[in-house]
Amino acid sequence: MKTPRLQFDPDGGLILAGAWTLRELTPHLGQIRRQLATVPIRSFWRLTKIERLDSFGAMLLWRGWRCNWPQNLEISEELRAIITAVAEKSGALLPRPVAFGLQGILIILGVILLSFFRQLVDFVTLFGRLWLDLFFLLSRPRQWPLKEISANFYKVGVQAMPVAALVGFLVGVVLSYLSAMQLRIFGAEALLVDILGLGIIRELGPVLLALLVAGRSGSAMTAQLGVMRVTEELDALAAMGISLSLRLLLPKVLALTLAMPLLVLWTSAVALLGGMVSAKIQLGMSYAFFFESLPQVVPVANLYIGLGKGAIFGLLIALVACHFGLRIRPNTESLAANTTASVVTAITLVILVNAVIAVAIRNIGMPL
Amino acid sequence: MNPKKVVALRGLISRFGDNLVLNGVDLDIMADDIVALVGGSGSGKTTLLRHIIGLHRPAAGEVFLFGEPLFAGNYLEQQVRRRRFGVLFQQGALFSAFNVRDNIAFPLRELKALEEEEIQALVAYKLAMVELEPEHALLMPAQLSGGMSRRVALARALALEPELLLLDEPTAGLDPDRSTSFVALVRRLHRQLGITVVLVTHDVSTLLALAGRVAVLADRRIVSAVSLEETMKLDHPFIQSFFQLFSKRG
Ligand SMILES: Nc1ncnc2c1ncn2[C@@H]1O[C@H](COP(=O)(O)OP(=O)(O)O)[C@@H](O)[C@H]1O
Ligand SMILES: [Mg+2]
């Protein structure tokens, strides 16, 4: 019989039997704990029938004895040695993490504030470092990380085209469909081209795409840098004397800054196509009319604004991604937290900056 | 199956795509054995270990653990079987988001039967067992040296009082002193707790310090599994070259 158990002798003694191991004890733990707690320590303990005792069993017994050897004990030397070892070593108090109190709240507030400023400084430093790298490269054309830039361009630009097109097309269709329904009430169907053209080229195209890219490429950049930190690849690069910012960060930032305007062009074009198709089906507006009136009602400045915003958003997303990627400490928790922070910060920044730009250039590119 | 056989491999075949790594491995490991699995780098030692603990499914052949087929039974039965062995992975595989204490306490907490005080006592005991100080309990894995994180990983592998302990190159990357003391630690645990130990190594000094049975993995199969002295007498090109260094020195 392996089941661990306490048996009471007729003469008042106590016999422990069975396998007192973690695996055998676990199913009967509640009962055994209760029995150990009720048995007076002065009883006569016979540990002669224990088949196996591991450190958990020994610890359980020792705690049952309230950390003292019982006076009346019959035990083999072997078992005594096991219990002695556990008794000596399991009592060591492990240091506890500092408890949380009022002071803790203050400390946390302070840490948040300080870390905000530190992050601001880090962010500016990163930006400055990239500029220095650029100046460095101006005089040394052979040092340009062209392969890295091109690989990043492919990853963040070319590979994002299908999903950008899908999102753009559907948004164009929905926007066109909903606006057309309203415009028809006033008999102002021709204004649909104004709404779609201005809305998509100036606002929706760049912003939608920036949100998409922040989630897609920004998170990937942060996670990549983080995993390279965890696996010590960043240290390996540094040890080889290879500049981190020149080979890893600058290509990412340049590639996204260059790719975003092109992606904006692509997304806006597909969104307009979606709107055009929807207008044709719903209002019977001919493609030729759409094409002809678009340049007349939407000043070309809007196109430049859209492209410019794309470049700014791309720069922001890549900078934020690199900033948080470098903050990752070598553990999974930090990886997750910083990847989240990267995406959330990038999206928030994009929307904030977009609002600022909208206010700043409200007089430019509006149809008369 | 004889219940005294802790591990039994029968005609195990393992491949990654076209890469045939193990081709018909037969191996028996008895209770109370201490077995060193040796083989060249890339010969499939880690792969063999991963088959024993069920991380890979064999392309053909069978794995028996504690006398039962490895994948027999439902989820709970398999979980019980998995709790009977402890593994020390080649890279340690400590949970990087937990400190040392929580790494060791994690498998104990997962039992959902122990009280927090009991867990703390057990963690303190396991730390002492692998010769670490209580102050180390709050360190994060990234703050540990190679030897220390090996010890913490060993303590975690021992947390559930396993009957079988699998160690994948526990001494690789340790200096000779540390690696000898690590092997001594493993031997002591083997003797005290009666644990069956399988230790992967390609390090001759570890092998000599361990003094158990030696299973040699070469040509994609186990070519011998006998005591160290007998192994050294065998006439096999891999074994010859493996022990050459030692015999020159000796
Ligand atoms: N996850 C994997 N995918 C593909 N091949 C693998 C994988 N793991 C190991 N291998 C291959 O299996 C062989 C044995 O590897 P491994 O068991 O790690 O060797 P070692 O004896 O050094 O531990 C090697 O040729 C390796 O390339
Ligand atoms: Mg290996």
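## Where chains A and B meet

The contact between the two chains draws 26 residues from chain A and 30 residues from chain B, where contact means heavy atoms within 4.5 Å. Keep in mind that this is a predicted model, in which local features need pLDDT of at least 70, side-chain atom pairs count only at pLDDT 80 or more, and totals for chains, interfaces and linings use all residues. Residues are numbered from 1 along each chain as its sequence is written, chains are lettered from A and ligands numbered from 1 in the order in which they are written, and side-chain values use heavy atoms, with hydrogens and water left out.

The size of an interface is often given as the accessible area lost when the parts come together. Here chain A and chain B bury about 2500 Å², with 63% of it on carbon and sulfur atoms; buried area is the accessible area (1.4 Å probe) lost on putting two parts together, summed over both. On the chain A side, A:Leu22, A:Arg23 and A:Leu94 lose the most area to chain B, together 23% of what that side buries.

## Bridges and polar pairs

The rule picks out 4 salt bridges across the interface of chain A and chain B, a salt bridge being a side-chain nitrogen of Lys or Arg within 4 Å of a carboxyl oxygen of Asp or Glu. A:Arg63 pairs up with B:Glu117 in a salt bridge, their closest N and O atoms 3.1 Å apart. B:Glu118 and A:Arg33 also meet in a salt bridge, at 2.8 Å from N to O. That pair runs from helix H4 (residues 116-129) of chain B to helix H2 of chain A; helices here are DSSP runs (H or I, at least four residues), numbered from the N terminus.

Across the interface there are also 8 residue pairs in polar contact, both residues at pLDDT 80 or more. A polar contact is a pair of N or O atoms within 3.5 Å; within protein, one must be able to donate a hydrogen and the other to accept it, and residues adjacent in sequence count only if both atoms are side-chain atoms. On the side of chain A that touches chain B, H3(A) gives the largest share, 5 residues.

## Around ligand 1

Ligand 1 has chain B residues around it, including B:Phe16, B:Val21, B:Lys45 and B:Thr46, each with a heavy atom within 4 Å of it. An oxygen atom of ligand 1 is 2.7 Å from a polar backbone atom of B:Gly42. For B:Ser43, a polar backbone atom lies 3.3 Å from an oxygen atom of ligand 1.

Technical notes: Helix = DSSP H or I, 4+ residues; strand = E, 2+ residues; numbered from the N terminus.
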